[in-house]
Amino acid sequence: MGAASLATLWGEFLCVQLQGQVRVAVAALLALAFFWHAGVLLVDPSFAPFVVFALVVASGGLYLFLHATFAPMDDMPLVDAKESDARLQITWKPSLLTVMGSLAQGFALYWLVQPQVLVLPTSFLAEALSLVVVVLLLVDSLRSFVMKESFIRRLFLPVLGACILTLLFLPADLRVWPCMLAFGFSLLPYASAIFATCEHIVRCRLSALRTFAGARLYAAIGLVVGLLTGWLAFSSDVFGDVTLQAWVVVVVMFFILVSTTLSTKSYYPGEDAPSAPAGAVRVGVMGQAVPDREQAPAIDKKQCFQQRCDAVAGHFGLTNRQTEVLHLLAKGRNAAYIQKQLVISQHTAKAHIYSIYKKTGTHSQQDLMDLVESWEGEGKR
């Protein structure tokens, strides 16, 4: 519970402090976590609990130090629980994908943690495979952004289906290999769900603790169901001699059923629905894949507008919420649109607009738009 709470706090910290590089930060955090836990295997088993406890203490101390140094939580907008839920854009479809990936992970893990299987070489192999997967995600996040949610989803059914169906034909002493491959691949949709959740928190200004913990609940449900299914397949005899075969078919049919109910549209907020045009691709400011030649000018223009708005907000001391309103006002949006977009009351929207006019010394929306458009730098217009 302590480690889970700490992971949630770290997720919040990353979303607040590294808004433009959330995917990279989370991938790096996962890599460090797996590297640390692989090191736990090197110590005497009697000392392993103390090493894990030391990790929690060290991580908590570092979190408090960074929090005190950067004070990011002071800049967090106060988000009411109902307001956060109303602005939450994570639908049931990506949540179902998270459950499916965690179920496959739990199903494979049940066999891997059997006493006759969980020997030291197997433990090192599982940790090494996990570390390789998250390092690949980290490198991909920094460079090419190939491992998108839509790409992982296309491979999900063929790879996991092949791994699980192989169990029907292998003797017990060889089942560790397809289970190991299934476990390693299941980390991809699991990590993708974490990336997407953090992107939603940043883009929609959600309550980080509430959203991150809620998304993790789906992963926990899938893992528990997967472990239970693994127990029914490998350790029970509810169907007699064909128990394993029956449950393998059930799991694969579940994967097929879920896959057919999902559309080809991407659920990851950093991806565009249409395929990217051919040519060199770079990672955009929000984690999306941006073709250098065709979309870079539009992205740069949009980014320039946002930077001018942020510069005006910083110069005149606007709050985070007032900055959000400023972005919409500078686009020509009216109070009714702002009220609906930010899920606030009409009175609150008008109060923010009045405060912005007062702080910036403008008297109308057109004056404010002219101010943002002519802003060139600190105090320059």
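Mentor: A salt bridge here is a side-chain nitrogen of Lys or Arg within 4 Å of a carboxyl oxygen of Asp or Glu. Keep in mind that this is a predicted model.

Trainee: Where in the chain do Arg 23 and Asp 140 sit?

Mentor: In distant parts of it: Arg 23 belongs to helix 2 (residues 22-40) and Asp 140 to helix 6 (residues 120-142), 117 residues apart.

Trainee: Is Arg 23 buried or exposed?

Mentor: Arg 23 counts as buried, because its relative accessibility is 6% and the cut-off for buried is under 20%. Asp 140 is buried too, at 7%.

Trainee: And which residue does Arg 321 form a salt bridge with?

Mentor: Glu 324, with the closest N and O atoms 3.4 Å apart. They are three residues apart in helix 12 (residues 320-330), so about one helical turn separates them. Arg 321 is buried at 12% relative accessibility, and Glu 324 is buried at 13%.

Trainee: Switching topic: how many residues does the largest nonpolar core have?

Mentor: It has 62, and Val 26, Phe 107, Phe 234 and Phe 255 have the most contacts inside it. Helix 8 (residues 176-204) gives the largest share, 14 residues.

Trainee: What does Phe 234 touch?

Mentor: Leaving aside residues up to four places away in sequence, its contacts include Phe 107, Trp 111, Leu 167 and Arg 175.

Trainee: Which residues does the second, separate core include?

Mentor: Among its 21 residues are Cys 309, Leu 318, Leu 326 and Ala 349.

Key: Residues are numbered from 1 along each chain as its sequence is written. This is a predicted model: local features need pLDDT of at least 70, side-chain atom pairs count only at pLDDT 80 or more; totals for chains, interfaces and linings use all residues. Side-chain values use heavy atoms; hydrogens and water are left out. Helices (H or I, at least four residues) and strands (E, at least two) are DSSP runs, numbered from the N terminus. Buried means under 20% relative accessible area, exposed over 50%, partly exposed in between (1.4 Å probe, protein chains only). A nonpolar core is a set of buried Ala, Val, Leu, Ile, Met, Phe, Trp, Tyr and Cys residues joined through side-chain atoms within 4.5 Å. Contact means heavy atoms within 4.5 Å.
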